[in-house]
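Here's a quick tour of a protein model, from a single side-chain pair out to the packing. Have the viewer open as you read.

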Amino acid sequence: MLHGHEAAADALLAAMRGRALHHAWLITGPPGIGKATFARAAAARLLVEGAEPGVLPLRLALPPGNRTAALLGAGAHPDYRELRRLPKKDSKDGELARSITVDQVRALAPFLGTMPSMSSRRIIVIDSADELERPGASNALLKSLEEPPADTIFLLVSHAPGRLLPTIRSRCRVLRLEPLDDSAMRQALAQALPEADRDEIGALVGAGAGSPGRALRYAELGMAEIDDALHAIARDGDPTTSRRAKLAKALSLKAAQPRYEAFLDRVPGVIAEAAQDRRGPALQVALDAYGRARDVAGAARGLSLDAGGTVLELGGLVARLAGDAPTQHGADLRRTRG
């Protein structure tokens, strides 16, 4: 189910009501905000409009029991195709291939060579275009975008459009999706986590920063405990470094690597949240801490810095928000290359 993105839906519907609907759309935005879900909902809406012009759902929502939606859900709609990475042939655990292959793109040829059967349109969703095999698959798609078959709409999902071929980007109309607001985040998380209580949902809304995908990743990693610790440090400080030391010990374990990486993502967000309610010198302290936290977290990934030392340093930056200026013990802040 799609949550949020009303402005993008309205832009697409306005284009549908125009004289000529562009044949290729590049759906972009930050990771985890529902771009692929939006693309599939848009595909369904486009197909319904082409088959049942009297049906006018609210934005991209379809009426209950709609035939088009049922066929799409069953993977049986004759006018719809979707390209994504396939499981490796020799994989026993469903591991996906590294890319969408040129053979997958070429396999669209029979589909593109026939007329639509149920709708007046054919829709192709590519999730994601960033994963097209280069140069083969990208060039094969480009040929179709340069000479689009009549009544065919391409919806390309992209997390990093700058990595696509410029010639692909130039043939698409960009539809940028923004992070969800808190209300849409709560709805998305409540649907995904029906057993979560209100406090847990609230914590995940803050941690997700407009991205349900990121929030759900935090939920799977048990990040609520770490989030509570960071907020406690931001509120009360950590003059004895005990709170930071506890975090460093927990996140330095090899098995904690996914939680450590999520911690690197989360610390700048905690500082940014605190900055929103500050003015004057206190705001400047938060802004300086935010900039430094971004730099440290980025270096920690790129240079494989010592996890324990990095956690201590980032925790110290969070502690500054409470007016705590801990002595920068060399042992605490020394980061070494792994």
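## Glu131 and its partner

The side chains of Glu131 and Arg85 are joined by a polar contact of 3.4 Å (a pair of N or O atoms within 3.5 Å, one able to donate a hydrogen and the other to accept it; residues adjacent in sequence count only if both atoms are side-chain atoms). This is a predicted model, where local features need pLDDT of at least 70, side-chain atom pairs need 80 or more, and totals for chains, interfaces and linings use all residues. Residues are numbered from 1 along each chain as its sequence is written, and side-chain values use heavy atoms, leaving out hydrogens and water.

Glu131 sits in the loop between β3 (122–127) and α6 (136–146); helices (H or I, at least four residues) and strands (E, at least two) are DSSP runs numbered from the N terminus. Skipping residues up to four places away in sequence, Glu131 touches Arg85, Ser99 and Ile100, with contact meaning heavy atoms within 4.5 Å.

## Two helices packing

Helix α11 (residues 223–236) packs against α13 at about 40°, with the axes 10 Å apart (lines fitted to C-alpha atoms over the stretch in contact; angles run from 0 to 180 degrees between N-to-C directions). Among the residues that meet are Ile226 and Leu230 in α11, and Phe263 and Val270 in α13.
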